[in-house]
Amino acid sequence: LRWLHGAVDPAAVELKVFALEMVYVPQCAFWAGDGSTDHVTGQFSAGYSAHPFRVESERALTVGGETAEMLNNRDAAGMDPSRTDDFNCDLPRALPVEFPKGYQAFYCMRHEISQQQYVDFLNTLPYAGQCQRTERQGKDNKDLKGPEAPAGTFVMNPPDSGGHQSGGNYRNGIRIAVSGVAEASEPMVIRRGSFVASGNVVKPGKPAVYETDAPHVACNFLRHDDGAALAAWAGLRPMTELEYEKACRGPLRPVPNEYAWGTAAIAGMEPKSGQYVLQNVGKADETVVWQGENGPDATRGNAPFMGTNEKLGGPLRVGVFATPTSDRARSGASYWGILDLTGNVMERTVSVGRPAGRAFLGNHGDGGDSPWADLFFGMRGGGYGGGSHYMGWGGNNLFRTSTRYVASRPWLYGGDRHYILGFRCVRTAPGNQ
């Protein structure tokens with residue numbers, strides 16, 4: 001790795017290098033929708049049918065409509081009634097050729113964004129940027145303004161959250177290590193004999209320094225624009241919901257009601273089941289051990305959720321179930337080996353169900369501000385808080401690969417910062433851009 005600095009004085013520059021582990025998802029056709037007939041939640045379908053839709057190119061598509069060459073959504077049956085798609089059999093819409101449909105090759109982050117990765121991002125931002133990408137709260141539950149909050153102040157924690165492990169709320173341990181200083185405007189008067197001039201001068205601010213005591217745990221409380229900002233900073237982009245399904249099942253024909261590991265069974269969903277017990281809390285080797293009945297096996301996959309790890313307080317270490325000997329189901333892995341696409345924190349994906357999503361061009365960030373200010377996101381894959389806790393708006397179905405119950409809903413409970421919301425980024429592979 002070489003830095004081609006040109007005429008810049010290297011001694012005047014602070015250079016940092018960050019790495020993200022990515023998985024290559026090759027160009028190939030795949031199926032969207034799982035053909036379920038007993039858990040219908042807006043799954044993709046071939047026209048007005050229960051059959052999954054075959055994505056065989058990046059050509060423009062029609063979403064909605066009756067015939068098999070049209071990408072429908074079971075007429076939005078079973079979707080969250082407060083926010084559904086704007087297309088159906090009788091109201092088709094156009095999905096432009098530029099929208100990434102998943103056929104072409106792309107790289108996908110193997111894990112969801114971790115707390116350390118988000119801290120690394122925060123620590124490269126100026127003060128004003130840090131204000132946009134965090135929420136602050138003191139240990140006495142008083143809201144604090146800006147990164148100038150005292151050292152030790154927890155961030156990413158909404159005021160109504162309670163205390164949990166790892167120092168923060170719902171296992172989010174990101175906090176201010178060194179307080180920042182806001183940019184300030186100060187009055188100035190200049191006198192030269194009888195001439196007097198007055199005005200204001202800007203006193204530069206200083207960004208805060210952030211840290212976390214749970215660096216390997218998935219970062220929750222991320223708004224969609226937080227994830228998009230990190231994607232832009234890293235030269236990546238958001239993932240579309242069609243890419244999400246390909247990232248899960250690969251080229252295989254769908255199994256009705258399947259999860260990311262390709263079966264329709266998940267550990268702990270049955271009544272009177274066991275639970276996960278956490279070991280080595282917050283460390284690089286944080287692990288979970290199953291205790292009780294209906295645990296993970298070759299068909300029952302692993303995914304953290306409220307029903308099996310409520311006492312753990314929040315999401316787990318990214319990729320926690322993968323071991324040198326685990327199979328696809330036990331590691332909770334997708335066809336390509338991507339981890340935690342089911343459970344842990346919810347995936348924020350670009351929705352095809354709204355004009356602001358369908359307008360996505362698949363462009364990458366360039367290290368600066370996010371170029372996707374008006375992009376419309378939904379949610380896929382379920383998160384830690386799913387399961388019985390959310391039976392009123394999707395329940396266990398939220399974890400299924402093709403479930404689109406909240407695929408066109410950008411927020412939860414009236415706000416975007418929620419303890420089950422995270423983010424994962426992708427990048428179109430070279431030669432496909």
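The largest nonpolar core has 42 residues, a nonpolar core being a set of buried Ala, Val, Leu, Ile, Met, Phe, Trp, Tyr and Cys residues joined through side-chain atoms within 4.5 Å. Here buried means under 20% relative accessible area, whereas exposed means over 50% and partly exposed lies in between, with a 1.4 Å probe and protein chains only. The residues with the most contacts inside this core are I113, Y118, I174, Y210, L242 and C425. At least two residues of the core come from each of β2 (30-32), β4 (53-55), β5 (61-63), α1 (115-122), β11 (174-178) and α3 (224-233), and α3 gives the largest share, five residues. Helices (H or I, at least four residues) and strands (E, at least two) are DSSP runs, numbered from the N terminus.

The model is predicted, so that local features need pLDDT of at least 70 and side-chain atom pairs count only at pLDDT 80 or more, while totals for chains, interfaces and linings use all residues. Residues are numbered from 1 along each chain as its sequence is written, and side-chain values use heavy atoms, with hydrogens and water left out.

Taken as a whole, the chain contains seven helices and 22 strands, and 54% of its 433 residues count as buried. Among contacts between residues at least 6 apart in sequence, 73% join residues at least 24 apart.

The charged side chains come next. Side chains of opposite charge can pair when their charged atoms come close. A search of the whole structure finds 24 salt bridges, each defined as a side-chain nitrogen of Lys or Arg within 4 Å of a carboxyl oxygen of Asp or Glu. In one of them R358 pairs with D86, and their closest N and O atoms are 2.8 Å apart. This pair links distant parts of the chain, since R358 is in helix α7 (residues 355-358) and D86 is in the loop between β6 (71-72) and β7 (93-95), 272 residues apart. R358 is buried, with a relative accessible area of 7%, and D86 also counts as buried, at 15% relative accessibility.

Another salt bridge joins E112 and R424, with the closest N and O atoms 3.9 Å apart. E112 is in the loop between β8 (106-109) and α1, and R424 is in the loop between β21 and β22, so that this pair, too, links distant parts of the chain, 312 residues apart. E112 has a relative accessible area of 1% and is buried, as is R424 at 0%. The side chains of E243 and R237 meet in a salt bridge of 2.6 Å, N to O, and both E243 and R237 are buried at 0%. Salt bridges that share partners also join D85, E241, E245, R249, E258, R380 and R404 into one network.

The loop between β21 (377-380) and β22 (426-428) also holds T403, which is buried with a relative accessible area of 5%. The side chain of T403 makes a polar contact with the side chain of T41 at 3.5 Å; such a contact is a pair of N or O atoms within 3.5 Å, where within protein one must be able to donate a hydrogen and the other to accept it, and residues adjacent in sequence count only if both atoms are side-chain atoms. Leaving aside neighbours within four places in sequence, T403 is in contact with T41, R380, N397 and L398.

Strand β21 belongs to an open sheet of three strands, in the order β15-β20-β21 with mixed pairing. β15 (239-240) and β21 stand at the edges with a single partner strand each, so one side of each is left without a neighbour in the sheet. Two strands pair if DSSP finds at least two bridges between them, and β15 pairs with β20 (residues 347-350) in the parallel sense over two bridges. The bridge partner of T240 in β20 is V350.

Finally, a search of the whole structure finds 12 aromatic pairs. Rings of Phe, Tyr and Trp (its six-membered ring) pair if their centres lie within 6.5 Å, and planes under 30 degrees apart count as stacked, over 60 as edge-to-face and the rest as tilted. The rings of Y170 and Y419 have centres 3.9 Å apart and planes at 5°, so this pair is stacked. F18, Y118, F121 and W233 form one aromatic cluster.

Technical notes. Contact means heavy atoms within 4.5 Å.
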